[in-house]
2 protein chains.
Amino acid sequence: MSSNRDIDALIDMMARLPGLGPRSARRAVLHLIAKREMQLMPLADLMHKVAATARECLNCGNLGTTDICDICLSEKRANGQICVVEDVADLWAMERGHAFKGRYHVLGGTLSALDQIGPEDLRIPQLVNRIDAESVTEVILALNATVDGQTTAHYIADQLEGRVTLSSLAQGVPIGGELDYLDDGTISAALAARKHL
Amino acid sequence: MSSNRDIDALIDMMARLPGLGPRSARRAVLHLIAKREMQLMPLADLMHKVAATARECLNCGNLGTTDICDICLSEKRANGQICVVEDVADLWAMERGHAFKGRYHVLGGTLSALDQIGPEDLRIPQLVNRIDAESVTEVILALNATVDGQTTAHYIADQLEGRVTLSSLAQGVPIGGELDYLDDGTISAALAARKHL
């Protein structure tokens, strides 16, 4: 490609990132080399730093740089609610909503017979242990609306039945959504869960 | 975002790369942290290496890790042809075509009255010097088909008039292109340059 081994290797590595392909990786690398002092060096430093310090919270599975993450350490967030999410990206999405004030539990995936992923692989036993340890009163299942996500939600609901209040995110029309562009399942769900005005 | 300063900073830096936005930067960073040993560390190392060694070829402006790039050093490519391109990305695009066997000259941009970019800012004097120094017989102007690109091509053609054979890339229908999707200018150019069968 560029007739230079290191630059080619850098482009190859960048092209393997999700969302980037060979063309955008080339553009990104040329951009970085052009802004060497301001971007390339700081980015490399930051990557080293994150590689050395990033770790999963031992309690909830969130990403951070300490054994117990800031959310689990914060007394303000010990309101008896735990929101169960599939992965860290989902936790970040919930946090961007600024609506949930409790703590999280990151499963690290979903149950999957096909991929032989069972409850032990998913931090589900840890979730069950947290119910008593943190005096949890409500578990909100914020799993993706996929078959595996819903199977996992049912399994967790079975495990926690009777011990806590269980809830899941409402299904319906997204804010700003147009009916014409929604799939049939979403419209059925929104109709079934209609609200009286 | 992620409730962690370093990880947030890394996402912010990645989001500033061309072709990436906040969402794809988050996905890329989570992917990198998940593959820390295999991807995050090597990527950071490679970035440091490239930041320390990458430089422009003193002769042609290509990117490499030596003062004179491999293409300029290769005797095989001293065939009397120089292909003039706007930037390194264009040089790489030409090299991917595997069709050009000569050397390159990277201008580093185009003439632009608006941005006050004149011939001295563009490595055009160096191009003129190379004509004699490398016994160049043909200069191929592979500049983009934009107004600034064509202005620059005309200026260079004026400078080299009578000293070398001048040519530019053919304009016409791209391989695999459909007429219905081509702009009027391309169709006109392809018609004007039609070939007898």
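Tutor: Asp6(A) forms a salt bridge with Lys49(B), with 3.4 Å between the closest N and O atoms; a salt bridge is a side-chain nitrogen of Lys or Arg within 4 Å of a carboxyl oxygen of Asp or Glu. Between chain B and chain A the count of salt bridges is two. This is a predicted model, in which local features need pLDDT of at least 70 and side-chain atom pairs count only at pLDDT 80 or more, whereas totals for chains, interfaces and linings use all residues. Residues are numbered from 1 along each chain as its sequence is written, chains are lettered from A in the order in which they are written, and side-chain values use heavy atoms, with hydrogens and water left out.

The contact (heavy atoms within 4.5 Å) draws 52 residues from chain A and 51 residues from chain B. Together the chains bury about 5100 Å², of which 71% lies on carbon and sulfur atoms; buried area is the accessible area (1.4 Å probe) that two parts lose on being put together, summed over both.

On chain B, the side that touches chain A receives at least two residues each from several elements, including helix 1 (5–15), helix 2 (22–34) and strand 2 (63–64). Helices (H or I, at least four residues) and strands (E, at least two) are DSSP runs, numbered from the N terminus. Helix 3 of chain B gives the most to this side, with 16 residues. By class, the side comprises 30 nonpolar, 10 polar and 11 charged residues, where Ala, Val, Leu, Ile, Met, Phe, Trp, Tyr, Cys and Pro count as nonpolar, Asp, Glu, Lys and Arg as charged, and the others, Gly among them, as polar.
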